[in-house]
Amino acid sequence: NDGSDIMEFLRRQMQQRPVRAVGSGFIVDKSGYIVTNAHVVDDAVRITVKLDSGEEFIARVVGTDELTDIAVLKIDAKRDLPAVKFGDSDKAEVGDWVLAIGSPFGLAKSVTAGIISQKERETPYASAFQRFIQTDAAINRGNSGGPLVNLDGEVVGVNSQIATSTGDYNGVGFALPSREADYVYGQIVKNGKVRRGYLGVLLDSVQPEFAAVYGLKEKRGSIITDVRDRQGPAAVAGLKVGDVIVEFNGQPVQNSQDLIAKVATTTPDQTVT
């Protein structure tokens with residue numbers, strides 16, 4: 001055999017060799033429901049959950065949501081398990097102390113501390129439903145899916161991404177707010193997936209110059225820039241390009257992202273004003 005045959009043999013051997021990966025998660029219900037990141041369990045053949053007690057259980061995936069990178073797992077421990085509670089991420093403020101808990105580099109039960117650096121942070125690879133809590137608590141590979149908790153021990157975020165030039169901690173980490181994570185968790189447990197509302201339009205936020213042209217007293221709201229789906233709910237309701245939406249179902253609309261969030265968390269087949 002020549003060298004190319006040997007390289008091809010080694011390549012096939014590497015492809016067939018099982019790969020182990022480590023991530024984090026947290027129990028949110030005493031019956032054994034666990035929240036983690038979807039990318040932690042993507043393409044997994046076998047998922048093993050190791051508890052603080054040292055016990056190990058095989059987990060099944062209840063459902064995943066790629067748009068928020070959240071997965072819900074279930075283990076059967078045949079007993080009630082200690083569980084954490086979701087806090088209200090809307091009440092968290094910049095400067096609040098937080099702790100990131102997880103298994104960075106496989107180092108289980110590691111805790112790092114920091115503050116909330118910013119809220120509603122968008123990142124280049126985020127979906128429209130990922131507006132993160134930014135923190136300087138150290139988050140590294142293996143922390144994904146672990147909880148970001150406040151000083152009351154409530155989960156205010158799910159550690160999801162880092163901004164890095166090296167692949168490791170650079171002082172900037174991102175956690176999906178608990179408000180969104182809790183909603184996704186509830187939807188997955190109930191339906192096996194997330195059912196989101198949909199308008200069928202493209203949007204832009206009201207800028208100061210738009211507010212002046214439209215004579216708006218407040219510089220807020222969302223402008224329809226294109227009715228993309230001619231059979232969608234917005235088109236059927238008569239909404240047109242140039243319309244400014246300032247209120248959705250009785251709630252004021254701040255900008256396009258705010259409207260997207262409000263529509264998404266309204267389950268389909270409802271009638272709203």
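Guide: Before we look at any space in the model, a pocket is defined on a 1 Å grid over the protein atoms alone as an open set of points with protein on both sides within 12 Å along at least five of seven lines, whereas a cavity is a set of points where a 1.4 Å probe fits but cannot get out; lining residues have an atom within 4 Å of a point. Grid points are joined across faces, edges and corners, and a volume is the space filled by probe spheres set on the points. This is a predicted model, in which local features need pLDDT of at least 70 and side-chain atom pairs count only at pLDDT 80 or more, while totals for chains, interfaces and linings use all residues. Residues are numbered from 1 along each chain as its sequence is written, and side-chain values use heavy atoms, with hydrogens and water left out.

Visitor: How much space lies in the second largest pocket, and which residues are the closest to its centre?

Guide: Rolling a probe the size of a water molecule over the atoms shows where empty space is left. Here the second largest pocket holds about 450 Å³ of space, and of the 20 residues that line this pocket, Tyr-198, Leu-199, Pro-233, Phe-248 and Val-272 are the closest to its centre.

Visitor: Which helix gives the most to that lining, and how does the lining of the second largest pocket divide by class?

Guide: Helices (H or I, at least four residues) and strands (E, at least two) are DSSP runs, numbered from the N terminus. Helix H5 (233-237) and strand E16 (247-248) each supply at least two residues of the lining, and H5 gives the most, with 3 residues. For the classes, Ala, Val, Leu, Ile, Met, Phe, Trp, Tyr, Cys and Pro count as nonpolar, Asp, Glu, Lys and Arg as charged, and the others, Gly among them, as polar; by this scheme the lining of the second largest pocket has 11 nonpolar, 6 polar and 3 charged residues.

Visitor: What lines the largest cavity?

Guide: The search of the whole structure finds 1 cavity of 30 Å³ or more, and the largest cavity holds about 40 Å³. Its lining consists of Ser-89, Asp-90, Lys-119, Glu-120, Ile-133, Pro-177 and Arg-179, which divide into 2 nonpolar, 1 polar and 4 charged residues.

Visitor: In what order do the 4 strands of the open sheet stand?

Guide: Strands of a sheet pair through backbone hydrogen bonds, either parallel or antiparallel, and two strands count as paired if DSSP finds at least two bridges between them. In this case the order is E1-E2-E6-E5, with antiparallel pairing. Strand E1 (26-29) and strand E5 (60-65) stand at the edges with a single partner strand each, so one side of each is left without a neighbour in the sheet.

Visitor: How many bridges join E1 to strand E2, and which residue of the hairpin takes a positive phi?

Guide: E1 and strand E2 (residues 33-37) run antiparallel and are joined by 3 bridges; Ile-27 has Ile-34 of E2 as its bridge partner, and Asp-29 stands opposite Tyr-33 in E2. The hairpin has 3 residues between the strands, and Gly-32 takes a positive phi near 110°.

Visitor: Where does the sheet of 3 strands have its edges?

Guide: The second example is an open antiparallel sheet in the order E13-E14-E15, where strand E13 (202-205) and strand E15 (244-245) stand at the edges. Strand E14 (residues 222-226) pairs with E15 over 2 bridges in the antiparallel sense, and Ile-223 stands opposite Val-244 in E15.
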